[in-house]
Amino acid sequence: MAVIAELWCVALLLGTAVLAVIVRAPAASRAVYGVTLAATLIGFAAAFSTAVAGTTAVTLPLGLPWIGARFRVDMLSAFFLIVVNLGAAAACLYGFGYGRHEHEPKRVLPFFPAFLAGMNLVLLADDAFTFLVSWEFMSLSSWALVMSHHREPGNAYAGYVYIIMASVGTLALLLGFGLLAGPYGFYGFAEMRANAATPMSAGLVLGLALFGAGSKAGLVPLHVWLPLAHPAAPSHVSALMSGLMTKVAVYAFLRIVFDLLGPPEWWWAVPVLAVGGVTTVLGVLYALMQNDLKRVLAYSTIENIGLVFVGLGLALAFAASGFPAAAALALTAALFHVFNHALFKSLLFFGAGAVLTATGERNMERLGGLIHAMPVTSVVVLVGCVAISALPPLNGFASEWLAFQAILLSPQLPQWGLKLLVPAVGALLALAAALAAACFVRMFGIVFLGRPRTPAAAQAREVDRWSQSAMIIVAAMCLIAGILPGAVIDGLAPVVQSLVHDRMPVQLGIPWLSTIPIAESRSSYNGLLVFLFVTASASLAAYAIHHLASHAVRRAPAWDCGFPNAGLATQYTADSFAEPIRRVFGAYVFRAREHVDMPPPGDVRPAKLTVERHDLAWEFIYGPIAAGVSLAADRLNRMQFLTIRQYLSLVFLALVSLLLVLALWP
Amino acid sequence: MAVIPALVVQGTQMLLVLLLAPLLTGFVRKVKARLVRRLGPPVLQPYLDLLRLLRKEAVLAENASWLFRVIPYLIFATTWVAAALVPTFAIGLLFSWTADLIAIIALLGAARFFLALAGMDVGTSFGGIGSSREVMFATLAEPAMIMIVFTLALIAGSTQLSSIAGLMLSSGVGLRVSLGLALIALIMVALAENARVPVDNPATHLELTMVHEAMVLEYSGRHLAVIELAASLKLLLYMSLIACVFLPWGLAVPGTGVTALLVGMVAYAAKLAVGGFLLATFETAIAKMRVFRVPDFLGAALMLGLLATLLRFVSRSF
């Protein structure tokens, strides 16, 4: 029984968390990561067995008395369990080495397995109560991890913003489940599935699910906490939060909208597509403007989540209009991207952690030239960068390609609104893909290439073997998923089948292991052959040139244009690299302005260039809300300084108004 | 199944693009020189340049990394594979289904990704300026290209270049507004992608105005040769792309004999000559624009592409 095995894993994780609080041995770190690794691997295997054994469910006498908590593993939760436990296992392996550099391990060790247990429980829950309790447990344990380095500047603020947004998001989910439960309050998922919601309440539930799950996943404009909180945690926890917890949020959206809410309406796709499309472009544009290495990655998570939601929106549109095959393609693209992003975002956060360990720096402007000191890390991070930039033959391209194929099927949609929206969203996706490539050229180029900008970067050393092996394994998985996308697509087929009642054609039987979403005359892609052709022609060219022409190499100073001894500061920086893009896009998106303060001739003070950039989500949404809250707090504050007579009259007024309500209540 | 002849034809195409690419570059240079009444270098000069560079030792900057030495071959390989997948004289080749048009664009994107990294490896300001501007151009050129692909794919019902060319060849398409918009956008993107005037100047020697040349400034010897060859291949690729979609006449269809293939090759050579001549004329007639005018230029291409796609979405007849 897969569900029993999964629950035992959760129990093991929770037990580890408790033991990590109690035990004070110096080797506790190794033990915690070791047991957690074992638990996640078992969870991974058990989730796989669901593909064979089918759905399993169990009710445990936990939680509310006489009611119990219901758990269930079906295809959808099994897929997400696989993603979460796979990413978590890599993070544990990484933690073996990375965890040793932790100054205060007690602040991390208990919460790490607890956080994993929370994510697993959300995926296992089969009633709204268990789901929400697990969701809150997941939020709170990750909040504790965000706060583990609470003395570093900015982290306490990040935790504060995070907990507010998490609470608001959970509130939305709570209300959504309340609507789904209907007038009789059936809070089990099976009953919700059986009860068809009215069109009105279904629309409300969609909005609430988009808000609740979207705030956890980082959809614009609910993303503001994410780039603060994800980088604040230790790097392997950042990998869990960015790579996996956002996927749990996607799961929540899928569970509510695709599973519990009943057959979709076409207009549901409109908000999902619009929000997803805007999120992809804004997320990556924000990422391009950041100088903090981990914050770049956090913003890029927002972009990728947008892409996933575009896929989900397309799937909704196709499913509502009666094109199940196209819906299966769009949903496969979204789920494939969920899998891919979990891999390469974990990889990149591991790489960021390695850079942090080696140099103590997260600011890209203070790094550079790490490729010489950290050969392994630089190779695996390069693999991650190529993958996340959606370049063939790695896995990011495969899912992006499927998403484009799904968009190309959408002219058959009958609704005019979608006919106009989908091409615009397609353009946004293409724009985001190109911007992502720019973003990761910038990240890799500034951090790993060039000359070291500070002594810390110059003295970097390669990280430990545990961290290296974790990164190598994940990088290899990125490559395998990229050159054999057919295997992943076939693996996703039962999940897709369970949600939209159709699946993509079987891919593994196609000659040469090609990927053919619809028909060969329509489109096909062969990651394996592209990989082989590129590798073969590159090696052939290198071999031929080295043997037939020349292989001599001479080292010389770089071309200095006649001005020798160019200092380190003459290199391009992260800011200057992004300057053209900021000028092209930032003037509208960030209202970016540049002010040059040029001293008059004769004045010897340095000239100054100030760049101002605004986050419009803060200015137009959160700023007014915060101002309103503090205004209300100010006004209510006066209530604390009244005389006893005024308090008594207040009590009397409250009593009268309550009695009035009672009298007027029908 | 006749695998051997199919393999031979595919191999011929791979070698053909590799061998023709420098010739096209030399031809364009020669025509440009003649148009301004210079004598110009011989048409075969690019081959001689490549051979000369290949025989020379490679001078590397002192802090160049291993990546700097690997990247030329990666750029060459991705560009060559992409160029070999675009139909030149025949459609439906053995491996034509390996990558559709989106994948070909992405392969070129990969080449650009690595080239931009190479520009940043040595840590000079020229490399940085080139990379930074190149990725800025790419952020508009790539989505524009994807929109053009969308338009073609929606007309042909396929992203396979062979299928698109086959449909265009069957002349059931006729003149369409969306095709016209896509052609204009594609020419604009092709000019930008190949670093031609008015976006960039392939013959410039002033560092501050360079984009492509600034990124490869540190390269020499065999590395430079391979990168130059890749650049020629890219020019050939875009010409083949425009030719096979908008001027498909003469393309040999699968299952035809040697005669058809030869006709296809002659037609291909004629198309390249016309294309090269037009490119040279255009470049001679126009001035290079400022760097920050390029986003307007490419933004226009993106909007044209989006408009063409929208037209295809709302109506089947445009």
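Visitor: What pattern does chain B follow, read along the sequence?
Guide: Chain B reads α-α-β-α-α-α-α-α-α-α-α-α. That is eleven helices and one strand. Helices (H or I, at least four residues) and strands (E, at least two) are DSSP runs, numbered from the N terminus. This is a predicted model: local features need pLDDT of at least 70, side-chain atom pairs count only at pLDDT 80 or more, and totals for chains, interfaces and linings use all residues. Residues are numbered from 1 along each chain as its sequence is written, while chains are lettered from A and ligands numbered from 1 in the order in which they are written.

Visitor: What is the radius of gyration of chain B?
Guide: It is 19 Å for chain B, close to the 20 Å that the globule rule gives for 318 residues, so chain B is as compact as a globular protein of that length. The radius is taken over C-alpha atoms, and the rule is 2.2 Å times the number of residues to the power 0.38. Along the principal axes, the C-alpha atoms of chain B fill a box of roughly 55 × 45 × 45 Å.

Visitor: How much of chain B is buried?
Guide: Buried residues are 61% of its 318 residues. Buried means 20 or more other C-beta atoms within 10 Å of the residue's own; exposed means 12 or fewer, and partly exposed is in between, with C-beta atoms placed from the backbone.

Visitor: What about α4(B), is it buried or exposed?
Guide: Buried. 21 of the 21 residues of α4(B) are buried, so the helix is largely enclosed by the rest of the structure. α4(B) covers residues 101-121 and reaches 30 Å from its first C-alpha to its last, close to the 30 Å expected. The expected span is 1.5 Å times one less than the number of residues. Gly123(B) follows α4(B), with a positive phi near 85 degrees.

Visitor: Switching to the interface. How many residues does each chain put into the contact?
Guide: Chain A gives 71 residues and chain B gives 74 residues. Two residues are in contact if their C-beta atoms, placed from the backbone, lie within 7 Å.

Visitor: And which element of chain A supplies the largest share?
Guide: α17(A), with 16 residues. Among the other elements of chain A that supply at least two residues are α16 (395-408), α21 (527-549) and α22 (574-589).

Visitor: How many nonpolar residues are on that side?
Guide: The side of chain A that touches chain B has 47 nonpolar, 17 polar and seven charged residues. Ala, Val, Leu, Ile, Met, Phe, Trp, Tyr, Cys and Pro count as nonpolar, Asp, Glu, Lys and Arg as charged, and the others, Gly among them, as polar.

Visitor: Which strand of chain B pairs with β3(A)?
Guide: β1(B), residues 58-61, pairs with β3(A) in the parallel sense over four bridges. Strands pair if DSSP finds at least two bridges between them. Ala556(A) has Ala61(B) as its bridge partner in β1(B).

Visitor: Now chain A. How many helices and strands?
Guide: Chain A has 24 helices and five strands. Buried residues make up 55% of chain A.

Visitor: What about β4(A), how many buried residues there?
Guide: Zero, among the five residues of β4(A), 593-597, so to speak hardly covered. Five bridges join β4(A) to β5(A), residues 608-612, and the two run antiparallel. Val596(A) stands opposite Leu609(A) in β5(A).

Visitor: Where is Thr359(A)?
Guide: Thr359(A) is in α13(A), residues 324-359. Thr359(A) is buried, with 25 other C-beta atoms within 10 Å. Leaving out residues up to four places away in sequence, Thr359(A) touches Leu367(A), Ala456(A), Ala457(A) and Ala460(A).

Visitor: Last one. What do the buried residues of α19(A) pack against?
Guide: They pack against α3, α13, α15, α16, α20 and α21 of chain A. Those buried residues include Met471(A), Val474(A) and Cys478(A). α19(A) runs over residues 465-483 and reaches 27 Å, close to the 27 Å expected.
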